[in-house]
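Let's take a friendly walk through this structure, one topic at a time. Have the sequence and the 3D view open as you read.

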Amino acid sequence: MAVTTAPGRTPRTGPAGPRPTRRRAGRARLGEGLAGYVFLSPWLIGLMGVTAIPMLLSLWLSFTDYDILTPLSEVRWVGLANYERMFTADPSYWHAVRVTLTFALIAVPLKLAAALGVALLLNRAWRGVGLFRSLFYLPSLLGGSVALAIVWVNMFNRDGAFNSFLALFGVEGLPWVSDPDWALETLMVLAIWQFGAPMVIFLAGLKQVPTELYEAAAVDGAGAWRRFRAVTLPMLSPVIFFNLVLETINGFQGFTAAFVLSNGTGGPVDSTLMYTLKLYISGFTDLEMGYASAMAWVFLVAIGVVTAVFFSTGRFWVHYSDGDDS
Amino acid sequence: MTALPVARRRPGSGRNVLRLVVLVAIVAVVLYPLFWMLGTSVKSQAEIVNNVGLLPEVFTPGNYVDGWTNFDISFGRFFLNSVLVSGLTVVGNALSCLLAAYALGRLRFRLRKLWFTVMIGTLLLPGHVLIVPQYILFRSLGLVGGDWPYLPLLVPQFLATEAFFVFLMVQFMRGIPRELDEAATIDGASPYGVFRHVILPLSRPALVTTAIFSFIWTWNDFFRQLVFLSSLEDYTVPVALTLFIDSTSQSAVGPMFAMSVLSLLPVFLFFLAFQRMLVEGINTSGLKG
């Protein structure tokens, strides 16, 4: 797959001087080893202080009843109580899991389908492609913001733009965002609206498909659909895989729009209680930070498992052309 | 990205016209919410309820004034706060990620492979998982709601914790010929000299991409700012916007839309100025093969 290259990056310095002697090379290597750690040190400090230690702290907290108000030294160890409560005694937890899975299972495939569909439409060299590509990409830049979420909620209100559009066809709309059966769907539409980012990646992938394959398929009498199935999809499968993993993990983490729609409650009737929102409410509204930590760890493990499942099933459908006999 | 000259057809054939019509229709649907937002931001209160079309009958720019002064603290302050946070985040990310990328991508030292693997591992680590312990740690250090309430937002950015940018820069540096490093080394340059005189100047495109993305992402970021900022005068734009939602009265819709439009303006300007780079940046970083 394409590796980043920069234009105009041809080396200008030509002659390679005599190689340094072994001794000098050895000393240089020692210096390089030290320099390596000097350059790496901010990252290492960050890894320890901002990532690793908080992760361990969070693991420990998940076995305690810590709320932010009591000092850390007086925290009570509660064993697996948080996990037990999560899995057996907190229906809204399971509800959040269900909401998150529903969101990801529906929004991600539709978003990727839209991205691929539009990418196929754009995949021709003609003037104007660049403009379309940019315009489709714009929502991906704006869509994650609070501002856009506000717009979305108002658009799908009872007297929002969407219902006035439906009225053109004589259909009377619902107050979508305050209807528990439809609120999550409006968030899905917002996610799908941002199909531009995966589309751009699809477009780059499509550029890599050798045209000879299409020509060969056409010579063999394959129609458009057959060429898509037999050439485009397999050749594009690494990019589809990449987008699928990325978008699924992003989909699990949707927060902003759900927060704005429900004013931080996950409503109406918990219908937009995304996992991260549930975590936020537990940790920062109810101040049950031990419980929220347990939730965070289950989330982490779940994302790890989902990623592992993707990678293990990827073998069966992701086609890498290098080292292949095709 | 240069378009391949293969399979070029002259526009005008029926299929191409159809394709264009479909694309224009999709563009219209995709851009509609943005135009609707713009239109609503200049509608009067009565029109917001009665006229859901794109254009206002009476142009009401007063919403912008009302929104700007809607809270005890002017929106200008929130914008300044956001600029400060986003600007410093850009500096932090560009600096610290470049240092880490140079080490991981270019230098030989013990355990380099291990650290590289760890860095890749943190790429997919969701930020939400770490928010509770980070909050506790920063709070115990007295940094939450302290004299400088933005430290919890900024410290991680100066420690190269955005693995995405480290990865992007490592990938970019692969395109810089190693002969340049070697030539400089033979001329007596230390690894620091190579960094200063070879890598830093040649990494400008990667630095620009990092700067643009980290500005936009931080500008739009809500979760961390919501968690770490607690007093009104420290609020950034996204957090301040949610105050409009709290005041459930219908009368604030116009001003709320006006401020929403303003809040997206910097991102939109970045988009206009750097759209090529943005689209290509996501390409090169996305396709890691």
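## Domains of chain B

Into which domains is chain B divided? Domain 1 covers 14-60 and domain 2 covers 73-286. Please keep in mind that this is a predicted model.

Taken over C-alpha atoms, the centres of domain 1 and domain 2 of chain B are separated by 33 Å. The two domains of chain B do touch: eight residues of domain 1 are in contact with seven residues of domain 2. On the domain 1 side of chain B, helix H1 (14-40) and helix H2 (45-50) each supply at least two of the residues that touch domain 2. H1(B) gives the largest share of that side, with three residues. Sorted by class, the side of domain 1 of chain B that touches domain 2 has three nonpolar, four polar and one charged residues.

## Where chains A and B meet

How many residues does each chain bring to the contact? Chain A brings 89 residues and chain B brings 91 residues. On the chain A side, the largest share comes from helix H1 (residues 22-61) of chain A, which provides 23 residues.

If you like to think in residue classes, the side of chain A that touches chain B holds 57 nonpolar, 25 polar and seven charged residues.

## Chain A overall

Chain A has 13 helices and zero strands. Read from the N terminus on, its elements therefore run as α-α-α-α-α-α-α-α-α-α-α-α-α. Of the 326 residues in chain A, 39% are buried.

## A closer look at H8 of chain A

Helix H8 of chain A takes in residues 196-207, which makes 12 residues. From its first C-alpha to its last, H8(A) reaches 17 Å, close to the 16 Å expected at 1.5 Å a residue.

Why is H8(A) described as largely enclosed by the rest of the structure? The reason is burial: 10 of the 12 residues of H8(A) are buried, so this helix is largely enclosed. To count as buried, a residue needs 20 or more other C-beta atoms within 10 Å of its own.

How values were computed. Residues numbered from 1 in each chain as written. Chains lettered and ligands numbered in written order. Predicted model: local features only at pLDDT ≥ 70, side-chain atom pairs only at ≥ 80, totals over all residues. Helix = DSSP H or I, 4+ residues; strand = E, 2+ residues; numbered from the N terminus. Expected span 1.5 Å × (residues − 1). Domains from an automatic or database assignment. Nonpolar A, V, L, I, M, F, W, Y, C, P; charged D, E, K, R; others polar.
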